[in-house]
Amino acid sequence: MGHPLSDNARRLPLLAVDTIRGSEEGFVGRKKIVADDPYLAGHFPSLTVYPGVFLVESLQQMLELHIDGALGGIDLVELGSVRFSRPALAGDELVFDTAVAGDRTHLVTRANCTIDGQRCARITATWRCRT
Amino acid sequence: MTTTPAAPATVRPDPGDLLPYGHPALQVDRIVRYTANTLTATKAVTYHELDAHTGRSRPGEFPASLLLESFLQACGLLVLLDSGDDARRLLIFGSARGVRVTGAVRAGELLEHSVELVDRDEETATFSGVARAGDGRLVMEVERAITLLRPADSLTRTKEGM
């Protein structure tokens, strides 16, 4: 695992982010879907599909790295809206172009998720830092 | 509101026989109550699975993402039971709004979902509901969640079409 954990973290088999880099409004995060990731086993027979809720997990982990530089310090408060346009399959790379606003007690993200430039999902969410 | 008494586990179908998921993706353990348009289902949260498969970085807490996945699987069970559909159509998470996470479910607790089918047509099903921890604490409210109903081979065709 290539990312540090926050002090109150324990372990993280469910790794849902590869890289992030800062952007003018927030960050751009990337996650490649790998067929043999153990937590993807059994989701659909004979085909690796990245579950829609895992996009939310990816967004959370990307936000944690963006805010704290470590995983495990932020809680989801509300998914204001989430809409999926196409499935993310093995071999796809998800790109999260994300705007971030607010402070540690009330962070709002607006993420536009794409695969090869095509929209995959839009997620608007509210988060809270644990400390 | 009149509720149906909890039924023995043997009376209700096994979630694993209805949903096209296997270990470790299946996030519902038991259907507790079912009436037309409503369903209550439970999932036991354990350290074993948190450590082995779905561990989040929180000490012993079920991830919010999987909390929602578990809720959506309960929705899937409801629509399958309501339709009597045994063709194993795929249920795909399409959209949601107003999903509020109000608490955490910890290892050792029994998560209980109460879901209601609000609307249904040939291709979509709309749900609302809540999730509670074993002590009755509200841990999640879902204002609206919409699942898409697709033929079993639709994802395979999507992949081949790329």
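1. Helices (H or I, at least four residues) and strands (E, at least two) are DSSP runs, numbered from the N terminus. The model is predicted, so to speak of local features needs pLDDT of at least 70, side-chain atom pairs count only at pLDDT 80 or more, and totals for chains, interfaces and linings use all residues. Residues are numbered from 1 along each chain as its sequence is written, with chains lettered from A and ligands numbered from 1 in the order in which they are written.

2. Which residues of α1(A) and α3(B) meet? From α1(A) come A:Val53, A:Phe54, A:Val56 and A:Glu57, and from α3(B) B:Ser65, B:Leu66, B:Leu68 and B:Glu69; contact is taken as C-beta atoms, placed from the backbone, within 7 Å. Five of these residues are nonpolar, one is polar and two are charged.

3. On to the strands of chain B, where pairing takes at least two DSSP bridges. Strand β6 (residues 138–150) runs antiparallel to β3 (residues 90–101), with ten bridges, and B:Arg97 stands opposite B:Arg144 in β6(B).

4. β5(B) (residues 124–132) is also antiparallel to β6(B), through eight bridges, and B:Ala131 has B:Met140 as its bridge partner. Their hairpin has five residues between the strands, and B:Gly136 takes a positive phi near 95 degrees.

Definitions and conventions:
Two residues are in contact if their C-beta atoms, placed from the backbone, lie within 7 Å. Ala, Val, Leu, Ile, Met, Phe, Trp, Tyr, Cys and Pro count as nonpolar, Asp, Glu, Lys and Arg as charged, and the others, Gly among them, as polar.
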